[in-house]
Amino acid sequence: MASLDDIIYTSDGQLCSTSAEGGQKAKCLESEIEYSAPVWNPKGDSIVTESRDLDGLHRLALLRADGSLLRYVMNSGRFMKPVWSPDGAYIYALNDTPGAVLGRWDEDGHNFQAISVQGIPVSGVEGPFGQ
């Protein structure tokens, strides 16, 4: 579906990619799964994204670069806004339930670890340059 040089995004729940150089038609993955917040692994071999199936089950999905499902990262809870560690070794995501918890998984979506994040508003998670 894409390579690390491509831009990935969602449109009406479909996972899409287009060339960062422009001039090419976007390619969208046809799926019954609704996707949002896709992020490339810095290594360029996988994508982590939020997903919602036909039954409304929300979970993080780990996809291969071609868009095929590698595995579901989390089958319960409501983790959102996934990001990769700079070296691509870990996936991080925030749980939007009271008593916010940051989840961390190995790059293959296993070995969950909960990290407490008291004092950080769930709706206002910021990057390293945010205010």
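Which residue lies over the face of Y72, and at what distance from the ring centre? It is R59, at 3.5 Å. A charge counts as sitting over a ring if NZ of Lys or CZ of Arg is within 6 Å of the ring centre and within 35 degrees of the ring normal. The model is predicted, so to speak with care: local features need pLDDT of at least 70 and side-chain atom pairs pLDDT 80 or more, while totals for chains, interfaces and linings use all residues. Numbering runs from 1 along each chain as its sequence is written, and side-chain values use heavy atoms, with hydrogens and water left out.

Now for the ring pairs. Searching the whole structure turns up four aromatic pairs (rings of Phe, Tyr and Trp, the last by its six-membered ring, with centres within 6.5 Å; planes under 30 degrees apart are stacked, over 60 edge-to-face, the rest tilted). One of them is F79 with W105, edge-to-face at 5.1 Å centre to centre and 80° between the planes. This pair ties together distant parts of the chain, 26 residues apart: F79 belongs to strand β8 (residues 79–84) and W105 to strand β10 (residues 101–106). Strands here are DSSP runs of E, at least two residues, numbered from the N terminus.

Y90 and Y92 make a tilted pair, with 6.4 Å between centres and 55° between planes. Y90 counts as partly exposed because its relative accessibility is 27%, and Y92 does so at 21%. Y90 also has the charged end of R104 over its ring, 4.1 Å from the centre.

Technical notes: Helices (H or I, at least four residues) and strands (E, at least two) are DSSP runs, numbered from the N terminus. Buried means under 20% relative accessible area, exposed over 50%, partly exposed in between (1.4 Å probe, protein chains only).
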